[in-house]
Amino acid sequence: MLGPFWKSYVRPLLGRPARFQVAALCHRGRGEDLRILLITSRDTGRWVLPKGWPKRGHDAGGTALEEAWEEAGIKPAGRPRSVGFYSYDKRLDGGLPVPTRVEVFAIPVPSLLDDYPEKGQRRRVWMTPEEAAAAVDEPELSELLAAFAERAEDLAG
C-alpha cells in the first residue's frame, strides 16, 4: 500500500536523482541449455543478479565482473556486454528507498570457483531464463531475464 503512494507522491516531492549500479547477468550454455546465475541478497535472501555501485578504476563492465567474482565466484570466459537496464528502489542504511538505475552486463561463465570473497553469505543457483524471470522481484529485471534467451544468441553470433 505504501509503495504506490511513495512512488507517485513522496519521491517526486523529494526530487532525489536516481542512483546508478551495475549488474552481472552471468550465463552459460546455449539454446535449451542456456542458464542464468542468480544469487541471494545478503539482507533479505531474495534472488538477484550480482550487482554493486561503480568502483574507481573500473568501467561499468569491469565493475560488473568484479561484483560477480566477489558475490558469486565466477570464472568468466569473455568480456562483459551491456544488455539493458532496469530500475528499482534501493533501501539505503536507515531504510530510506532511493530510485536506482542498473545497467546489466552479460558475462559468459563456463564454471564457478569454490572459494570467493562472499562464500557462505549467499546461495547461488543456475536457472533457465524463465525460472530466473519468475524468481526475481523487480518487474523490469524479470522482463530482461525472460527475453535473454533470444539476446544470448545474438551475443554469441
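I began with Glu138, which counts as buried at 6% relative accessibility. Buried here means under 20% relative accessible area, exposed over 50%, and partly exposed in between (1.4 Å probe, protein chains only).

I noted the ground rules next. This is a predicted model, where local features need pLDDT of at least 70, side-chain atom pairs count only at pLDDT 80 or more, and totals for chains, interfaces and linings use all residues. Residues are numbered from 1 along each chain as its sequence is written, and side-chain values use heavy atoms, with hydrogens and water left out.

**Salt bridges**

I looked up the partner of Glu138. Arg46 forms a salt bridge with Glu138, and the closest N and O atoms are 2.9 Å apart. A salt bridge is a side-chain nitrogen of Lys or Arg within 4 Å of a carboxyl oxygen of Asp or Glu. Arg46 lies in the loop between S2 and strand S3 (47-48), and Glu138 in the loop between helix H3 (129-135) and helix H4 (139-146), so the pair ties together parts that are 92 residues apart in sequence. Helices (H or I, at least four residues) and strands (E, at least two) are DSSP runs, numbered from the N terminus. Arg46 is partly exposed, at 27% relative accessible area.

I then turned to Lys55, which is partly exposed at 22%. Its side chain meets that of Glu67 in a salt bridge (3.2 Å, N to O). Lys55 also meets Glu70 (3.0 Å, N to O). Lys55 sits in the loop between S4 and H2, and Glu70 in helix H2, so this pair ties together parts that are 15 residues apart in sequence. Glu70 is buried, at 18%. By this rule I count 7 salt bridges.

**Helix H2**

I checked helix H2 itself. H2 covers residues 60-72. Its buried residues include Gly61, Glu67 and Glu71. Gly73 follows H2, with a positive phi near 70 degrees.

**Strand S1**

I moved on to strand S1 (residues 19-28), where 7 of 10 residues are buried. S1 pairs with strand S7 (residues 97-108) in the parallel sense over 9 bridges. Two strands pair if DSSP finds at least two bridges between them. Val22 stands opposite Glu103 in S7. S1 runs antiparallel to strand S2 (residues 35-40), joined by 2 bridges. His27 stands opposite Ile36 there. S1 and S2 form a hairpin with 6 residues between them.

**Thr100**

I ended in strand S7, at Thr100. Thr100 is buried, at 2% relative accessibility. Setting aside neighbours within four places in sequence, I found Thr100 in contact (heavy atoms within 4.5 Å) with residues including Phe20, Trp53 and Tyr86.

Note on methods. Expected span 1.5 Å × (residues − 1).
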